[in-house]
Amino acid sequence: MTNSVAPRVESLASSGIQSIPKEYIRPKEELASIGNVFEEEKKGGPQVPTIDLKDIESEDIKVRKRCLQELKKAAMEWGVMHLVNHGISDQLMDHVRIVGQKFFELPIEEKEKYANDQASGKIQGYGSKLANTASGQLEWIDYFFHLVFPEDKRDLSIWPKTPSEYTEVTSEYARQLRGLARKILLALSLCLGLEEGMLEKEVGGLEELLLQMKINYYPKCPQPELALGVEAHTDVSALTFILHNMVPGLQLFFEGKWITAKCIPNSIIMHIGDTIEILSNGKFKSILHRGLVNKEKVRISWIVFCEPPKEIILKPLPETVSETEPPLFPPRTFAQLIQHKLFKKT
């Protein structure tokens with residue numbers, strides 16, 4: 001099978017098949033843990049924490065401290081959280097969802113004009129997961145990937161032209177998200193007892209921290225309990241921010257069990273990525289997570305990975321290391337970290 005023109009999952013899904021091709025069926029040992037996402041979402045038990053950022057920059061030291069304490073606890077115990085009162089308006093978030101959804105509603109042949117070509121290293125654009133494992137395993141997902149910030153590093157020629165307001169809306173969201181990332185990085189620095197600007201500087205600062213947006217489109221799946229939208233992984237980023245269309249699917253591996261994230265209106269989900277886990281010497285967690293699919297509803301999520309530049313060297317910060325807490329990670333550039341993960345996986 002040549003991977004350059006892997007069929008889009010959307011065209012498989014709309015072809016009326018009742019059973020999914022074998023490449024999409026997960027291995028036996030994994031199938032036991034995949035359930036109906038709507039039932040999973042209703043379960044009790046541990047829940048992803050919700051962090052209210054309203055007081056993150058409060059003038060009142062006591063009030064601000066309480067907010068930092070909650071953020072720190074969530075970052076240490078879970079490494080993922082729902083952010084509310086994050087400062088990005090509901091209206092802007094709705095616009096982001098509308099323009100992304102409109103792009104995915106275009107006919108496939110229209111979207112193909114934006115196709116990426118992973119073989120030649122052209123990773124931005126419209127694509128589907130290529131089989132990268134020996135088993136030839138595929139995921140039930142199509143996506144659109146592009147760098148959205150800093151603005152001078154964007155390639156607007158590959159951004160969707162339809163809908164016409166796509167670029168304006170997505171650019172504004174990226175700008176505001178960069179501000180939110182800065183706010184979080186300052187707070188996490190304080191939580192580690194570092195100087196406020198430390199983590200921001202360590203991941204590249206305003207000039208170099210890259211925001212990469214991936215719109216994940218999960219078509220309805222005729223056999224959702226046999227497939228995954230995204231297989232289990234941790235994010236290599238510093239931070240990851242996620243918007244979604246209120247259809248459940250995100251699962252976190254917490255204390256030995258898969259927990260389904262509830263859909264919290266107007267929240268943004270945030271993950272701590274491997275980069276911050278390393279800089280914090282494992283004090284903040286980068287949690288294993290995956291995406292489920294379902295029969296009834298298309299799920300779309302808007303993911304922004306905040307990534308340091310490739311050549312930056314990542315290792316536990318001196319302040320996070322002591323006699324009793326030796327460094328848990330060897331020094332690696334961000335590029336080497338990505339290679340190391342790929343190598344471990346295959």
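**Group meeting: cysteines, a helix and a tryptophan**

The sulfur of C263 has its closest cysteine sulfur in C221, 18 Å away, which is too far for a bond. A disulfide is a covalent bond between the sulfur atoms of two cysteines. The rule used here asks for a pair of cysteine sulfur atoms within 2.5 Å, and by that rule the count is 0 disulfides.

Before I go on, a word on the source. This is a predicted model, in which local features need pLDDT of at least 70 and side-chain atom pairs count only at pLDDT 80 or more, while totals for chains, interfaces and linings use all residues. Residues are numbered from 1 along each chain as its sequence is written, and side-chain values use heavy atoms, with hydrogens and water left out.

pLDDT is the predictor's confidence in each residue, from 0 to 100. The protein averages 95, and 96% of the residues score at least 70. Over residues 1-5 the pLDDT is below 50, and that stretch has 4 contacts in the model beyond near neighbours in sequence. Contact means heavy atoms within 4.5 Å.

Are they buried or exposed? C221 is buried, with a relative accessible area of 1%, and C263 counts as buried at 16%. Buried means under 20% relative accessible area, exposed over 50%, and partly exposed in between, using a 1.4 Å probe and protein chains only.

Next, helix α7. Helices are DSSP runs of H or I with at least four residues, strands are runs of E with at least two, and both are numbered from the N terminus. α7 has 26 residues and spans 37 Å from its first C-alpha to its last, close to the 38 Å expected at 1.5 Å a residue. That expected span is 1.5 Å times one less than the number of residues. After α7 comes G193, with a positive phi near 75°.

S189 sits in α7, which covers residues 166-191. S189 counts as buried because its relative accessibility is 0%. Its side chain reaches the backbone oxygen of L185 at 2.9 Å. Leaving out residues up to four places away in sequence, S189 touches L194, E195, E196, M198 and L199.

Last, W258, in strand β9, residues 257-260. W258 is buried, at 19% relative accessible area. Beyond four places in sequence, the residues W258 touches include S33, A232, F253 and H289.

Conventions: Polar contact = N/O pair within 3.5 Å; in protein donor to acceptor, adjacent residues only side chain to side chain.
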